[in-house]
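User: I am new to this structure and would like to learn how to read its features one at a time. Please give the general idea, then the case at hand.

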Amino acid sequence: MQNLSFERFKIRWFVLLFIVMSIVSGIYLSLSDNSQYASDIASILVAGPLTLYMFYQRKSHHISFNESTLDESMTKKRWVKYISFTLLVKITGLFAMLLAASIILYLFKDSLGWIIELLNDMQLGSMTPLNYVFLFISICILAPLWEELFFRGILLRRFAKKWRISTSIIVSSLIFGLLHFGGNSIIHATLFGCFMAFAYLKTKNIWVPIALHSISNFMSFITLLIPGSEETIVVPTNEELQETLWISAALFLVFTALFVYLIVKNWSKVRAIPKIQAPVIESVGISQDVDQTTEAREVIKEERMEDEE
């Protein structure tokens, strides 16, 4: 029975697939003639093949992304703690983007009229149920799957075999953040990636960051369900901008202070994560449960107990 490590994963082919499907997606958008479903389908054209490739490589090389089961690594209290921190990161990022948008509008309002007109032209009417289905599949299912499997399950672990854990988390998360340039703030996406990396290394189960990532993206998804979210964009007055600016700045500072406090408080747990010394392997036919040593299982239980305190 042959065992192969995550080091056999073909990153160069993954990157090539990402580039090719991004080009295909762009060509499709340019030929779609502003179809109502064009952007949703284009997103799936990228996320779908990448997700399939991750699972294909996993099956071909018997790669394990888990060293523990969810029952071993997670408790209700730990889920609450991790989900709460995920929501904190998401809310902090939303206020950061609101603050940045308010500052830009306040300083350059007279020069941004064409952007407002462009955004209004892009709104092709109310979204249909099929739009919501496509969008949900893309950002709440496919994106968390392939991004966590690749950035945490592959890239993070490869870095962690060469560098310190803290360095590996930062570098892999920075690459993750750069990928999200345009959709999210790079800084916000990088910080979110750091927490996903921490959650994966602490729980040793890839389904934990996948679930947290899906929850975070679902928060973005439900904002589209808010009544009035599809109305025509109107440039606010200076008074309205000032009010929004002060409120968003105050809330951003509050949530950022809480975020920084929790990071500092838990940084010792990051430094305590041992460096990966050997690749994690999985035997043919085994899905989540893997053959572990008694010592490895005890470490997982001890870390879980620490989080319970």
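Analyst: What follows goes from the whole chain to helix pairs, a charged pair and some backbone angles. Keep in mind that this is a predicted model.

User: How many helices and strands does the protein chain have?

Analyst: The protein chain has 11 helices and 0 strands. Read from the N terminus on, its elements run α-α-α-α-α-α-α-α-α-α-α. Of the 309 residues in the protein chain, 39% are buried. Take the contacts between residues at least 6 apart in sequence: 85% of them join residues at least 24 apart.

User: How do I read the packing of helix 6 and helix 9?

Analyst: Two packed helices are described by the angle between their axes and the distance between the axes. For helix 6 and helix 9 (residues 207–223), the angle is about 150 degrees and the axes are 8 Å apart. Angles over 145 degrees count as roughly antiparallel, and helix 6 and helix 9 are therefore roughly antiparallel to each other. The crossing of helix 6 past helix 9 is right-handed.

User: Which residues make the contact of helix 6 and helix 9?

Analyst: From helix 6 they include Tyr132, Leu135, Phe136, Glu147 and Glu148, and from helix 9 they include Trp207, His213, Asn217 and Phe221. By class, the contact of helix 6 with helix 9 has 13 nonpolar, 3 polar and 2 charged residues.

User: What does asparagine 217 touch?

Analyst: Leaving out residues up to four places away in sequence, asparagine 217 touches Ile139, Cys140, Ala143 and Pro144. Asparagine 217 belongs to helix 9 and counts as buried because its relative accessibility is 14%, where buried means under 20%.

User: At what angle do helix 7 and helix 8 pack?

Analyst: Helix 7 (residues 165–179) packs with helix 8 (residues 186–203) at about 135 degrees, and their axes are 7 Å apart. Helix 7 and helix 8 are therefore oblique to each other. Helix 7 passes helix 8 in a right-handed crossing. Among the residues that meet are Ile165, Ile169, Phe176 and Gly177 in helix 7, and Ile186, Ala189, Phe192 and Leu201 in helix 8. The contact of helix 7 with helix 8 divides into 12 nonpolar, 4 polar and no charged residues.

User: Which residues form a salt bridge?

Analyst: Side chains of opposite charge can pair when their charged atoms come close. A search of the whole structure finds 1 salt bridge. Arginine 152 forms a salt bridge with glutamate 148, and their closest N and O atoms are 2.7 Å apart. Both residues lie in helix 6 (residues 129–162), 4 residues apart, which is about one turn of the helix.

User: Is arginine 152 buried or exposed?

Analyst: Arginine 152 counts as buried, at 0% relative accessibility. Glutamate 148 is buried as well, with a relative accessible area of 0%.

User: Where is lysine 204?

Analyst: Lysine 204 sits in the loop between helix 8 and helix 9. Its phi is positive, near 60 degrees, in a residue other than glycine. Lysine 204 is buried, its relative accessible area being 15%.

Notes:
Residues are numbered from 1 along each chain as its sequence is written. This is a predicted model: local features need pLDDT of at least 70, side-chain atom pairs count only at pLDDT 80 or more; totals for chains, interfaces and linings use all residues. Side-chain values use heavy atoms; hydrogens and water are left out. Axes are lines fitted to C-alpha atoms, for helices over the stretch in contact, and angles run from 0 to 180 degrees between N-to-C directions. Helices (H or I, at least four residues) and strands (E, at least two) are DSSP runs, numbered from the N terminus. Angles under 35 degrees count as roughly parallel, over 145 as roughly antiparallel, 65 to 115 as roughly perpendicular and the rest as oblique. A crossing is left-handed if the near helix is turned anticlockwise from the far one by less than a right angle, and right-handed if clockwise. Contact means heavy atoms within 4.5 Å. Ala, Val, Leu, Ile, Met, Phe, Trp, Tyr, Cys and Pro count as nonpolar, Asp, Glu, Lys and Arg as charged, and the others, Gly among them, as polar. A salt bridge is a side-chain nitrogen of Lys or Arg within 4 Å of a carboxyl oxygen of Asp or Glu. Buried means under 20% relative accessible area, exposed over 50%, partly exposed in between (1.4 Å probe, protein chains only).
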